[in-house]
Amino acid sequence: MAFSKHPRNNIITSSHKIKGKNRRITSDEVKELALTTMVKHLRIIRPGRAFYNIEDILSVLLYAASNRTTIEQAARSMSDAPHPNTVGLALKTLDIEGLERGINEALVSHLPKILNGPLEIAIDLKLIPYYGEPKEGEEDFIIRSSAKDGTNTFFARASIYVIKKKRRFTLALRPLRRSEGILGALRWLLNRFLELGGRVKCLYLDRGFYSVRVIRFLKEEIDLPFVIAAPKRGKRGGIKTVALDRYEGFPAQDAADEYEVIDLLNGDELERAIKRYVPSSSMSHAIYLEIERIDTRRTFKLGVEEGY
């Protein structure tokens with residue numbers, strides 16, 4: 001069996017250094033390595049009386065994934081490929097937990113030595129539209145979100161990766177479960193990164209993680225440096241930025257949506273200014289303070305006692 005002639009299947013895909021020389025890696029070599037790795041780590045059982053082997057079945061999946069098409073279209077486009085029903089029956093032998101475990105094993109099976117020293121890492125969130133009623137065993141993996149592509153129900157997965165020497169290395173992925181929520185997936189991925197021997201210099205998060213619970217977890221429970229994308233809301237969109245300082249013309253004044261000049265050492269004045277823009281600590285907000293020039297007793301009261 002072979003892939004049909006297609007531009008993506010005949011390109012030079014990468015380069016690899018062997019004994020001090022750069023050698024181009026072909027798509028056939030990438031395919032062979034991917035198949036070998038998948039056969040080893042994905043416990044797929046060949047359907048009874050099937051003429052094709054596991055490599056043939058996985059080749060259809062690789063073609064569909066690399067060309068962003070369906071299994072049916074992939075099987076029709078490839079020469080001497082298994083019937084889509086054969087591929088579907090083989091996939092039914094996988095459960096989601098087993099698939100997750102096998103993929104995470106495969107992701108690090110050829111990982112170069114990149115986890116030395118503190119690293120900047122990122123976690124992405126991907127929503128995949130789901131239509132119809134959940135099948136048995138899928139309920140925990142179907143989440144609700146803002147309507148997109150004609151549905152508000154989705155499969156979702158989060159992945160953690162490192163960018164090093166201008167290359168992305170995906171280290172792990174986690175399907176989202178309703179029972180554990182977005183914070184549970186974040187905890188799992190960070191624990192997985194630590195299990196692999198990684199150390200975090202800074203964490204970059206997709207806007208899908210933007211919530212008070214996630215921010216408090218990162219700041220208060222594990223005290224991790226992080227940057228998180230904030231989703232746009234409302235007609236104007238974005239987040240309203242308010243800057244407070246003790247003198248006119250301070251640096252953040254021009255960049256903020258609004259600003260006030262107040263005596264930061266006056267606790268009553270400071271509290272009134274904060275509550276003017278954030279009336280309740282239950283509202284989504286973030287407050288950044290320069291503690292050397294502020295009433296620290298009042299900020300302690302607002303932060304610890306009132307939950308700001």
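Select Glu 105 and Arg 43 to begin: these two side chains form a salt bridge, with their closest N and O atoms 3.2 Å apart, a salt bridge being a side-chain nitrogen of Lys or Arg within 4 Å of a carboxyl oxygen of Asp or Glu. The model is predicted, so that local features need pLDDT of at least 70 and side-chain atom pairs count only at pLDDT 80 or more, whereas totals for chains, interfaces and linings use all residues. Residues are numbered from 1 along each chain as its sequence is written, and side-chain values use heavy atoms, with hydrogens and water left out.

Glu 105 lies in helix α5 (residues 96-109) and Arg 43 in the loop between α1 and α2, so the pair links distant parts of the chain, 62 residues apart; helices here are DSSP runs (H or I, at least four residues), numbered from the N terminus. Glu 105 counts as partly exposed because its relative accessibility is 28%, while Arg 43, at 53%, counts as exposed (buried means under 20% relative accessible area, exposed over 50%, and partly exposed in between, with a 1.4 Å probe and protein chains only).

Next, select Arg 174 and Glu 180, which form a salt bridge with the closest N and O atoms 3.1 Å apart. Arg 174 is buried, with a relative accessible area of 11%, whereas Glu 180 is partly exposed at 25%.

Move on to helix α8 (residues 267-277), where Lys 275 and Glu 271 are 4 residues apart and therefore separated by about one helical turn. Their side chains meet in a salt bridge (2.9 Å, N to O); Glu 271 is buried at 13% relative accessible area, and Lys 275 is partly exposed at 28% relative accessibility.

Finally, show helix α1 (residues 27-41) with helix α2 (residues 54-67), whose axes come within 10 Å and cross at roughly 120°; axes are lines fitted to C-alpha atoms over the stretch in contact, and angles run from 0 to 180 degrees between N-to-C directions. The contact (heavy atoms within 4.5 Å) is made by Lys 31, Ala 34, Leu 35, Met 38 and Val 39 of α1 and by Ile 54, Glu 55, Leu 58, Ser 59 and Leu 62 of α2.

Definitions and conventions: Helices (H or I, at least four residues) and strands (E, at least two) are DSSP runs, numbered from the N terminus.
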